[in-house]
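Please examine the structure shown below.

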Amino acid sequence: MRLVFAGTPAVAVPSLRLLADSPHEIVGVVTRPDAPLGRKRVLTASPVAAAAEELGLPVIKAARLDAAATAAITALEPDLGVIVAYGGLVREPLLSAPRLGWINLHFSLLPAWRGAAPVQHSIIAGDEEHGAAVFQLVPELDAGAVFAELRRPVDRHATAGDTLDRLAVEGAELLTAVVDALADGTAVAQPQRGEPSFAPKLSLDDGRLDWRQPAGRLLDRYRGVTPEPGAWGMLDGARVKILEARRVEPAEGATALAPGELAPERRRLLVGTGDAPIELVRVQPAGRSAMAAADWGRGLAAGASFEV
């Protein structure tokens with residue numbers, strides 16, 4: 001089949017590469033325009049654009065799928081549109097332009113967590129299970145019938161970034177199998193069942209840790225917002241990024257601490273929560289480089305505490 005692939009971030013690259021290695025022909029890759037990155041704000045191609053160039057695939061860069069993008073995609077006469085984290089909505093008439101419409105690889109068990117940040121919200125919510133689904137794109141957000149899904153238990157040690165990296169690879173195989181099934185006419189989609197939940201894009205404020213919460217809930221939020229938008233706390237009016245944190249097991253021993261209270265020890269730095277302390281492993285204080293939390297803790301004033 002003739003495919004148009006739409007995607008932007010690194011999690012879409014495994015799908016692009018696997019489809020490029022399949023019997024199907026990718027006639028165009030749609031991605032968002034180059035964006036300024038780093039302190040010097042250098043214009044940089046998206047990971048999908050870079051991969052497409054490496055694969056020798058034609059690229060359409062579009063901030064949104066407007067009339068111009070629709071015309072360019074329609075001119076390619078695709079049989080199927082495939083979208084993985086493009087970052088924009090597909091509306092009519094583009095939605096119906098490919099002969100078989102569009103399918104979407106989404107990193108949740110639909111109808112749970114429709115929206116831009118499904119893995120992050122699933123982890124923050126403390127879900128026991130998550131996964132990925134390939135569904136038919138329809139005008140309503142992430143509401144189309146599902147062709148296939150994969151289910152995985154939540155890894156309580158994995159961040160959202162770790163989880164997305166894994167699901168991106170496994171999801172690419174799921175997506176390619178659905179494309180193959182659509183090509184040979186054996187694909188069957190089932191309507192979504194149950195009440196939907198929603199996963200809007202996270203903001204910087206979503207990364208602020210509430211030290212009054214129990215340790216388990218607080219660590220769920222830390223993992224859900226890592227690496228983006230990032231976990232943080234306020235100390236003496238300045239933001240401290242929490243790059244790595246972990247649960248303190250009962251056998252390790254820990255003094256009871258008030259929420260937000262910091263307790264430097266020789267080889268670790270503990271912070272109090274709503275119940276048991278947790279350990280901060282790596283931090284980045286405002287205006288400084290990332291460092292071991294224990295090293296940072298040795299320079300703290302006695303009685304230092306995060307704001308709650």
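Helix H1 passes helix H5 in a right-handed crossing, a term meaning that the near helix is turned clockwise from the far one by less than a right angle. Helices (H or I, at least four residues) and strands (E, at least two) are DSSP runs, numbered from the N terminus. This is a predicted model, in which local features need pLDDT of at least 70 and side-chain atom pairs count only at pLDDT 80 or more, while totals for chains, interfaces and linings use all residues. Residues are numbered from 1 along each chain as its sequence is written, and side-chain values use heavy atoms, with hydrogens and water left out.

**H1 and H5**

- H1 and H5 (residues 160–184) pack at an angle of about 40 degrees, and their axes are 8 Å apart; axes are lines fitted to C-alpha atoms over the stretch in contact, and angles run from 0 to 180 degrees between N-to-C directions.
- H1 is therefore oblique to H5; angles under 35 degrees count as roughly parallel, over 145 as roughly antiparallel, 65 to 115 as roughly perpendicular and the rest as oblique.
- Pro-14, Ser-15, Leu-18 and Leu-19 of H1 are in contact (heavy atoms within 4.5 Å) with residues of H5 that include Ala-168, Val-169 and Ala-172.
- By class, this contact of H1 with H5 has 8 nonpolar, 2 polar and 1 charged residues; Ala, Val, Leu, Ile, Met, Phe, Trp, Tyr, Cys and Pro count as nonpolar, Asp, Glu, Lys and Arg as charged, and the others, Gly among them, as polar.

**H1 and H2**

- H1 (residues 13–20) packs against helix H2 (residues 47–55) at an angle of about 20 degrees, with their axes 9 Å apart.
- That angle makes H1 roughly parallel to H2.
- The residues of H1 that meet H2 are Val-13, Leu-16, Arg-17 and Ala-20.
- The contact of H1 with H2 has 8 nonpolar, no polar and 2 charged residues.

**Burial of H6**

- Of the 10 residues of helix H6 (residues 215–224), 7 are buried, that is, under 20% relative accessible area, with exposed over 50% and partly exposed in between (1.4 Å probe, protein chains only).
- Among the buried residues of H6 are Leu-218, Asp-220 and Arg-223.
- Their cover includes helix H4 (118–124), H5 and strand E10 (231–235).

- Helix H3 (residues 67–74) has Ala-69, Thr-70 and Ile-73 buried.
- These buried residues fall within an arc of 100 degrees seen down the axis of H3, so they line one face of the helix; the arc is that of the directions from the helix axis to the C-beta atoms.
- Ala-67 and Ala-68 are exposed on the face of H3 turned away from its buried side.
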